[in-house]
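This briefing is set out by topic for a reader working from the sequence and the coordinates. Brief lead sentences are followed by grouped points.

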Amino acid sequence: MSRPAASGEGCELVVVNCSECSREADARFTIAEQWAWWSDGFGALLPFCPECARREFEDRITLAHAAHKDHSEHRAA
Ligand SMILES: [Zn+2]
């Protein structure tokens, strides 16, 4: 088998681990499986499996919705 050096397109298998329970998943399925990607505040996104996401973020998500401080100041430059 030869691997083309220059055209790394499409066949990258990325495995993600839940930040909470270390559950493994193919990154391609995290959307369908409703994984949550949560910003760690430093520009990185941490994956959370659906169960952990619900447990961890239910409060925060609810709060985020409650504190909907989107002022929507639409200004065309
Ligand atoms: Zn988990």
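This is a predicted model: local features need pLDDT of at least 70, side-chain atom pairs count only at pLDDT 80 or more; totals for chains, interfaces and linings use all residues.

Asn17 counts as partly exposed because 13 C-beta neighbours lie inside 10 Å, a count between the limit of 12 or fewer for exposed residues and that of 20 or more for buried ones. Asn17 belongs to strand β1.

**Surroundings of Asn17**

- Residues up to four places away in sequence aside, Asn17 touches Ser22, Arg23, Glu24 and Pro47.
- Of these contacts, Pro47 is 30 residues from Asn17 in sequence, while the C-alpha atoms of the two residues are 6.7 Å apart in space.
- Pro47 is also the bridge partner, in β4, of Trp37.

**Overall architecture**

- The protein contains 1 helix and 4 strands, arranged along the sequence as β-β-β-β-α.
- Buried residues account for 8% of the 77 residues in the protein.
- When contacts between residues at least 6 apart in sequence are considered, 33% of them join residues at least 24 apart.

**Pairing of β3 and β4**

- Strand β3 (residues 36-39) and strand β4 (residues 45-48) run antiparallel and are joined by 4 bridges.
- Ser39 stands opposite Leu45 of β4.
- The hairpin formed by β3 and β4 has 5 residues between the strands, and Gly41 in this hairpin adopts a positive phi near 90°.
- In a regular strand, side chains alternate between the two faces of the sheet.

**Cys49 and the nonpolar core**

- Which residues make up the largest nonpolar core? This core has 5 residues, namely Cys18, Trp35, Phe48, Cys49 and Ala53.
- Cys49 is located in the loop between β4 and α1 (50-66).
- Why does Cys49 count as buried? Cys49 has 23 C-beta neighbours inside 10 Å, and the classification requires 20 or more.
- Neighbours within four places in sequence aside, Cys49 is in contact with Cys18, Cys21, Arg23, Ala25 and Trp35. Two of these residues, Cys18 and Trp35, are listed with Cys49 in the largest nonpolar core.
- Cys49 and Ser19 are separated by 30 residues in sequence, and the C-alpha to C-alpha distance between them is 8.1 Å.

- Most residues other than glycine have a negative phi.
- Ser22, a residue other than glycine, has a positive phi near 65°. Ser22 is placed in the loop between β1 (15-17) and β2 (24-26).
- Ser22 is classed as exposed because 9 other C-beta atoms lie within 10 Å, and the class covers residues with 12 or fewer.
- The position of Gln34 is in the loop between β2 and β3.
- Is Gln34 buried or exposed? Gln34 counts as exposed, since it has 11 C-beta neighbours inside 10 Å.

Technical notes:
Residues are numbered from 1 along each chain as its sequence is written. Helices (H or I, at least four residues) and strands (E, at least two) are DSSP runs, numbered from the N terminus. Two residues are in contact if their C-beta atoms, placed from the backbone, lie within 7 Å. A nonpolar core is a set of buried Ala, Val, Leu, Ile, Met, Phe, Trp, Tyr and Cys residues joined through C-beta atoms within 7 Å. Two strands pair if DSSP finds at least two bridges between them.
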